[in-house]
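Here's a quick briefing to read alongside the model. Have the viewer open and follow along.

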Amino acid sequence: MPRSVRCSALSASLLAEQVLNGLQLGVMLFLMAAGLTLVFGVMGLINLAHGSLYMVGAFACAATAAATGSFWLGLAASLAAAAAAGALVEIAVLRRLYARDHLDQVLATFALILMFSEATRWLFGSFPLYLDVPRSLAGAVELPFGIRYPLYRLMIIGVGLAVALGLFWLIGRTRLGVRIRAGEADREMIAALGVDIARLYTLVFALGAALAGLAGALVGTLQSVQVGMGEPVLILAFVVIVIGGIGSIKGALVGALLVGVTDTLGRALLPSALGAFMEPSGATAVGSAIASMLIYVLMALVLVVRPAGLFGARA
Amino acid sequence: MKPTMTAVLAAMALTAPALAEPVKVGMITTLSGGGAGLGIDVRDGFMLAMQQANNPDLELVVEDDQQKPDIAVQLADEMIQSEKVDVLTGIIFSNLAMAVIPSAVAQGKFYLSPNAGPSALAGSGCDPNYFNVAWQNDNLHEAAGAYANDAGFANSFIMAPNYPAGTDALTGYKRFYEGELAGEVYTQLGQTDYAAEIAQIRDSGADSVFFFLPGGMGISFMKQYAQAGVDIPLIGPAFSFDQGILQAVGDAALGVKNTSQWSKDIDNPTNKAFVESFQTEYGRLPSLYASQGFDTANLLLSAMGKAEVTDADAFRAALEEADFASTRGDFRFGPNHHPIQDIYVREVVKEGDVYTNRIVGVALKDHADAYAAECQM
């Protein structure tokens, strides 16, 4: 039996790298959560099939990149495919559910998950697809303080923050944003004022879907593009919007970063921190068990202090 | 009337050995969801063997367990009670196997496992009617530990998901590995981002990384590992390097050593014919799961040629002989009905456009599992 040796000293550069990893995970969660929270805030709809749109984005990107050899065309295809799938689903199915209660919505969107999964399998087969980072973004770069970090992950952080800024601008400064906010506040009133509410809803839904598709394509490059890839992320995205406050983009951003950093640092630090006063193999087991529930503990704590979430308007 | 009836029955009894009883097989396997690739390969391998044997007495029913234990149990009840199957097979995942197998064998059915080999069924929980045609879960990890010694690695970082098969994997590796550990990490089951773990690996000063991350988890890890630019050699069991997964990982897997009881280049006529006919039939290369499905069907067919399934003792004895040509070459059962077989070290290579494995050595010869001694039948 080998002897366990643990490295207890945690260098500053490793800690900085783990914080970057947490930010990157958080930004990716934000792309998922933004669409989810927008749809819930504006239409009052719980959309479990949001993870399927993430999967659609990843598959569209992988298939297009394989056919054309260009990752960037794949990225464009993922936005288009997810937005189109989102609009289609909104017009064909979800439109009928706005007036119904949440249980009906959950049932219908759960059925959509199954249909999306089987349709994807039918189209692409049961084996995971290949999707890799474009050559121009491959490899790692040197950052200050001796940190080596993959260029592609830095790009994800950049894209996510840019999308966040874009959304704040869209919601806060444009005519469409005014309508979205008005629709959130009182949908009968803005319909009475002559805004085509049906078109607005389709548009918002397609926007949320496109963001999920973008996340799927960006993350699919790091992970495995396979049927069912959307559901684990969906659960995290729900945790994010509950923490951030349902309907709030700002809440989604803060919640996503909190969840990303908490999860990553918990996984990285807890087992070795516990190793200081436990025997190593026990510390590993207990540490990873606690790390896996850390974000749910965080969610519970936030809900105790602020039952509507950090930036939530409604309870 | 009555004497005539008795005579007819007697005549029937006399002729019975000539008219073989049909054998009905119920296959419960994973055909949808993220783990579907494994079940599909097992099914396709099994059906290929059936098609080649062309034995009209073998009847197959296939159902999808959706990788859910409750559905697997429901299907098993249905197959035993309504379909009246004689033999069950097909389950991929150990948690489903534990839910189905003990009750199926308790009802007198035979179970031939084409994949899952939980330790609970190899040791004190073994059963005369349960046969595993693939491996005991620990075997490939044990072989990886043995290979690490042979390769001169003395400071491994080891990692697996935090669930029973994950802890078994690390235990199996440590059972044979003799060096020190640079780190031991349990990840979350279904985790898709490994940035935190990769940073730890780079920082740990390890000379090798052993990981067991089946399915999509392994794809994610290997891609991210390559992108992070870490060059510490990887070792793993074949589950992260099968034919279905490799194409999705691509260059990131090239050169990685992995342990398997099967490889497409094992040099024997059965294997050559199997690889060729599988490719012709399905248009893709077979995986180890496909070979396991193929061997399971051939084991069953060999027993059918020797005994009636209605005579459980004779049928069991026929299965124990394992008198079939395995794709793995030498194959026999240990006292607990688990395989005794060679486990190879393979290397991921690219042949034309296809990523695949080739054998570079033998990790463990005639390897049996660690639990056989606890099995009392």
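Predicted model: local features only at pLDDT ≥ 70, side-chain atom pairs only at ≥ 80, totals over all residues.

Chain A comes to 11 helices and 2 strands, while chain B has 12 helices and 13 strands. Between the chains, 48 residues of chain A are in contact with 40 residues of chain B.

**Chain A**

- Reading from the N terminus, the elements go α-α-α-α-β-β-α-α-α-α-α-α-α.
- Chain A has a radius of gyration of 21 Å, close to the 20 Å that the globule rule gives for 315 residues, so it is as compact as a globular protein of that length.
- The C-alpha trace of chain A spans about 70 × 50 × 35 Å along its principal axes.
- Buried residues account for 52% of the 315 residues in this chain.
- If you take the contacts in chain A with a separation of 6 or more, 76% of them are between residues 24 or more positions apart.

**Chain B**

- With its 12 helices and 13 strands, chain B has a radius of gyration of 22 Å, close to the 21 Å from the globule rule for 377 residues, so it is as compact as a globular protein of that length.
- Its C-alpha trace spans about 90 × 45 × 35 Å along the principal axes.
- In chain B, 56% of the 377 residues are buried.
- Of the contacts in chain B between residues at least 6 apart in sequence, 72% join residues at least 24 apart.

**Where the chains meet**

- To recap the count, 48 residues of chain A touch 40 residues of chain B.
- On the chain A side, the elements giving two or more residues are helix H1 (12-43), helix H4 (102-124), strand E2 (147-150), helix H5 (151-173), helix H10 (249-275) and helix H11 (280-305) of chain A.
- Sorted by class, that side of chain A has 24 nonpolar, 16 polar and 8 charged residues.

**A parallel sheet in chain B**

- Chain B has an open sheet of 5 strands, in the order E2-E1-E3-E4-E5, with parallel pairing.
- The edges are taken by strand E2 (58-64) and strand E5 (130-132) of chain B; each has a single partner strand, so one side of each is left without a neighbour in the sheet.
- On average, neighbouring strands here are turned by 20° against each other, direction ignored.
- Strand E3 (residues 87-89) and strand E4 (residues 110-113) of chain B run parallel and are joined by 3 bridges.
- Within that pair, B:Thr89 stands opposite B:Leu112 in E4(B).
- Helix H2 (residues 36-53) of chain B lies across strand E1 (23-29) and E2 of chain B, at about 160° to E1(B).
- Helix H11 (residues 288-304) of chain B lies across E1, E2, E3 and E4 of chain B, and runs at about 145° to E4(B).

**The largest nonpolar core**

- This core has 211 residues, and those with the most contacts inside it are A:Leu29, A:Ala33, A:Ala237 and A:Val240.
- H1(A) gives the most to the core, with 17 residues.
- What is A:Leu29 in contact with, leaving aside its neighbours within four places in sequence? The list is A:Leu236, A:Ala237, A:Val240, A:Ala256, A:Val259 and A:Gly260.

Notes
Residues numbered from 1 in each chain as written. Chains lettered and ligands numbered in written order. Contact = placed C-beta atoms within 7 Å. Helix = DSSP H or I, 4+ residues; strand = E, 2+ residues; numbered from the N terminus. Nonpolar A, V, L, I, M, F, W, Y, C, P; charged D, E, K, R; others polar. Pairing = 2+ DSSP bridges. Axes fitted to C-alpha atoms, helices over the stretch in contact; angles between N-to-C directions. Core = buried A, V, L, I, M, F, W, Y, C linked by C-beta atoms within 7 Å. Buried ≥ 20, exposed ≤ 12 C-beta atoms within 10 Å, placed from the backbone. Rg over C-alpha atoms; globule rule 2.2 N^0.38 Å.
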